[in-house]
Amino acid sequence: MGGILVALLVFPLVVAVLSYAVPVAVAKVLAPVSGAAAFGLALSLVPTVVVHGHVAAGSELRVDALSMVFLVATTFLYLTTAVFSIGYLHVEPGAAGVRYCRRFYAGMNVFCWAMLAAPLMSNLALLWVAIEVTTVVSALLVAIDNTDSATEAAWKYVLIASMGLGIALLATIVLYYGGTAVFGASYELSYVKMLAGAHHFPADVVRLAFVLSVLGFGTKMGLVPVHTWLPDAHSEAPTPVSALLSGALLATSFYAILRYYQITAAAIGSTYPRNVLLVFGLASLLLAALYLLRQRDMKRMFAYSSVEHMGILAIGMSFGVTLAFVGVLLHVLAHAAAKGTAFFGAGSVLRKFGTKDMAALRGGVGALPWSGSMLVAAVLALSAMPPFGLFRSEFLIVSGGLSDPRYGVAAVLVVLVTLAFFGLSWSTTQTMLTTGPADLSGVAAAPGVAAVALTPHGVDADHGVDAGHVPGTPSGAPGLRAVTKGEVSPWIVVAMALGIAALTLLGVHPPADLSRLLDHAASELRSP
């Protein structure tokens, strides 16, 4: 089984290198093959981890139940994003288009490789290095479109994330210092070793290290107030990159915080780290819920939804009970599937209508009967509606919170999640379920034709969409462009269908091995 861990590290990296050398058509096929192989290998590890507790390869590679949860989430999103990219990317004729696709596929595979490496690492120092690599690669992917707004978002991301990871590195150094009282001046930051000796660490040093870890890795996780890079990067990045940032990268950073949580709880008890996470979680959920009420950019709306869900994860950890921990870990899996599917739907809308401005879009489901409908379903899943996985996970989190003496926090959680639901559902309903131009200018559209409102110059200011006339409207009707019915690509539909299927499975009846894995991982958090 140790060979599987090595394969998970080697295969995506080899595919990334090949993407530069092979034709674009081959690179498009290699990416989903690599994603499928990674997902299959991850699933094959689950029964062994459940039975034996962990799998290791040498002294540096190790997965236990906790890291296995994040590995499954990342590999699933790797697969679905690679499938989505086949239908989403359009190669421009000439060398420029080929060069773009080669850079994109090489970057995407390296990005996924780094996110797979993080939960495979057996010590805190290598974990930090893996997350640092994700910053460098993902920043290049955010800027790959080479527009002014994308470049600005990438620079903002690099500056803020680098400062955050600098703080996270300081947390690692401080915790290392705390361990010198037990292990001497030179030792490895192995999780197993740190947990074994944590109860002898100086309490004040551990407290400082944990706060620094939440601030540092919380920057990459999107916790308020260190979240400010996230809306711009998610909005300006190519849609496949946005899906990976939201569904996998934020979770990987949360995984790092959980490792520090385990060590802190073993050293000084869980009360202090739970209170820290509660403060950050409530701030994140409150701000995100308010911002969701006033978003016009579809991808930006999903970015704030990610801040909301990261807040839910932090609050769930603050409850400190096994039931809530199971809900938190299930939430990681379900959020990866839901947010990936939502961004895939946003990408389909962007390709069809040529804009992300929800105030200018109507008739989304009419124009995109499959991907549009699944986008609505993904938004319902993000709003914790049954029968999807996020309903089950949030139900478990709230149930765990109600068993805590501070059950008022669970009530606040329910109120803020409901507020976020109104923001998500209202915007999506107006965009996807209303019927065309009548909602925009009082002019009726022809059957089977959706519409997008244009700027006064007849061109969408962000994407350069040429103006067109909506059949069945007067020729002088301003600000309308016809969008005929039909999917952008069947590959987009396939990727979204995989996400919806996973969400339904997690909500209705999670597989037995996965349920046992979640229980084991929750036990590791409860009794490190």
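1. A word on terms before we start: helices here are DSSP runs of H or I with at least four residues, numbered from the N terminus. With that in hand, P387 falls in the loop between α15 (371-382) and α16 (389-402). Please keep in mind that this is a predicted model.

2. That loop deserves a look at its backbone. The peptide bond from P386 to P387 is cis, and its omega is near 10°. The loop between α15 and α16 also holds A384, a residue with a positive phi of about 65° even though it is not a glycine. A384 counts as buried because its relative accessibility is 13%, and the cut-off for buried is under 20%.

3. There is another cis peptide bond to check, joining V224 and P225, with omega about 10°. P225 sits in the loop between α8 (203-221) and α9 (230-236).

4. N146 is a further non-glycine residue with a positive phi, again about 65°. You will find N146 in the loop that links α5 (124-142) and α6 (148-183). Is N146 buried or exposed? At 64% relative accessibility, N146 counts as exposed.

5. The largest nonpolar core has 185 residues, and M68, F70 and F302 have the most contacts inside it. Helix α13 (residues 322-353) gives the most to this core, contributing 19 residues. Leaving aside residues up to four places away in sequence, F302 touches K339, A342, F343, A346, L375, V379, L382 and L424.

6. L244 belongs to helix α10 (residues 239-268) and is buried, with a relative accessible area of 0%. Which residues does L244 touch, not counting those up to four places away in sequence? They are L77, Y78, T81, M108, F111, C112, M115 and L249. If you want a distance to check, L244 and M358 lie 22 Å apart in space, C-alpha to C-alpha, and 114 residues apart in sequence.

7. Helix α1 has 20 residues and reaches 30 Å from its first C-alpha to its last, close to the 28 Å expected at 1.5 Å a residue. Its buried residues are G2, I4, L5, L8, L9, P12, V15, A16 and S19. What covers them includes α2 (24-52), β1 (54-57), β2 (61-64), α3 (65-88) and α4 (95-120).

8. Finally, a surface point: V6, V10, V14 and L18 form a nonpolar patch with about 280 Å² of accessible area together. V6 is in helix α1 (residues 2-21), and at 39% relative accessibility V6 counts as partly exposed.

Notes: Residues are numbered from 1 along each chain as its sequence is written. This is a predicted model: local features need pLDDT of at least 70, side-chain atom pairs count only at pLDDT 80 or more; totals for chains, interfaces and linings use all residues. Side-chain values use heavy atoms; hydrogens and water are left out. A nonpolar core is a set of buried Ala, Val, Leu, Ile, Met, Phe, Trp, Tyr and Cys residues joined through side-chain atoms within 4.5 Å. Buried means under 20% relative accessible area, exposed over 50%, partly exposed in between (1.4 Å probe, protein chains only). Helices (H or I, at least four residues) and strands (E, at least two) are DSSP runs, numbered from the N terminus. Contact means heavy atoms within 4.5 Å. Patches are made of residues with over 30% relative accessible area and no salt bridge: like charges are joined within 9 Å, nonpolar side chains (Val, Leu, Ile, Met, Phe, Trp, Tyr) within 5 Å. Accessible areas come from the Shrake-Rupley method with a 1.4 Å probe; for residues, only the protein chains shown count as cover. A salt bridge is a side-chain nitrogen of Lys or Arg within 4 Å of a carboxyl oxygen of Asp or Glu. The expected span of a helix is 1.5 Å times one less than its number of residues.
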